[in-house]
Amino acid sequence: MADLKNIVLVILASCLLAIAIAIGEEDMLLINYHIHITNDLPLLSPANDVPTLYLHCKSKDDDIGLKAMRVWDDYTWTFKVNVMRTTLFSCNARWTKGKQRHFDAFVASRDEERCQKYHNSCMWSVRSDGIYFSNNNSTWTNTYPW
């Protein structure tokens, strides 16, 4: 009889744990993620011309659009991760020096956890030597060199 009680308790505990995990995952689907991409390209010498960054971002379901960005402009959008956790936003960046780069601004499997650290935001900075990532707005990594 004691063995039956133990088995029932283990089954009950397992069920409660499964419910708690499911609720936690459901809550994760309610999070609004924010992408910020800033044009941090340097002014062009000698006339201090301002380089224009052309940025086009989209997912399978949403085309965020093409944006011509001046220096220090911020291209931002907000979204939720899909139920299957396959959300992917990719961007194409090009600027007047003839440089162009395709990069993934958000990949659910890569960014869902790391971007929660700073207000659910993934921050990108486009610079003369590449596209930098930060999830705390202070430490930046050149993730996509030109």
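Local features require pLDDT of at least 70 and side-chain atom pairs count only at pLDDT 80 or more, whereas totals for chains, interfaces and linings use all residues. Residues are numbered from 1 along each chain as its sequence is written, and side-chain values use heavy atoms, without hydrogens and water.

**Exercise 1.** Determine over which residues pLDDT stays under 50.

*Solution.* Begin with pLDDT, the predictor's confidence in each residue, from 0 to 100. Its mean over the protein chain is 84, and 75% of the residues reach 70 or more. The values stay under 50 over residues 15-26, where the model has 1 contact (heavy atoms within 4.5 Å) beyond four places in sequence. Where pLDDT is low, predicted coordinates should not be read in detail.

**Exercise 2.** Identify the salt-bridge partner of Glu 112 and locate both residues.

*Solution.* Apply the criterion: a side-chain nitrogen of Lys or Arg within 4 Å of a carboxyl oxygen of Asp or Glu. The partner is Arg 85, at 3.1 Å from N to O.

**Exercise 3.** State which residues form a network of salt bridges, and classify the accessibility of Asp 111.

*Solution.* For relative accessible area, buried means under 20%, exposed over 50%, and partly exposed in between (1.4 Å probe, protein chains only). Asp 111, at 0%, is buried, whereas Arg 110, at 29%, is partly exposed.

Conventions. Helix = DSSP H or I, 4+ residues; strand = E, 2+ residues; numbered from the N terminus.
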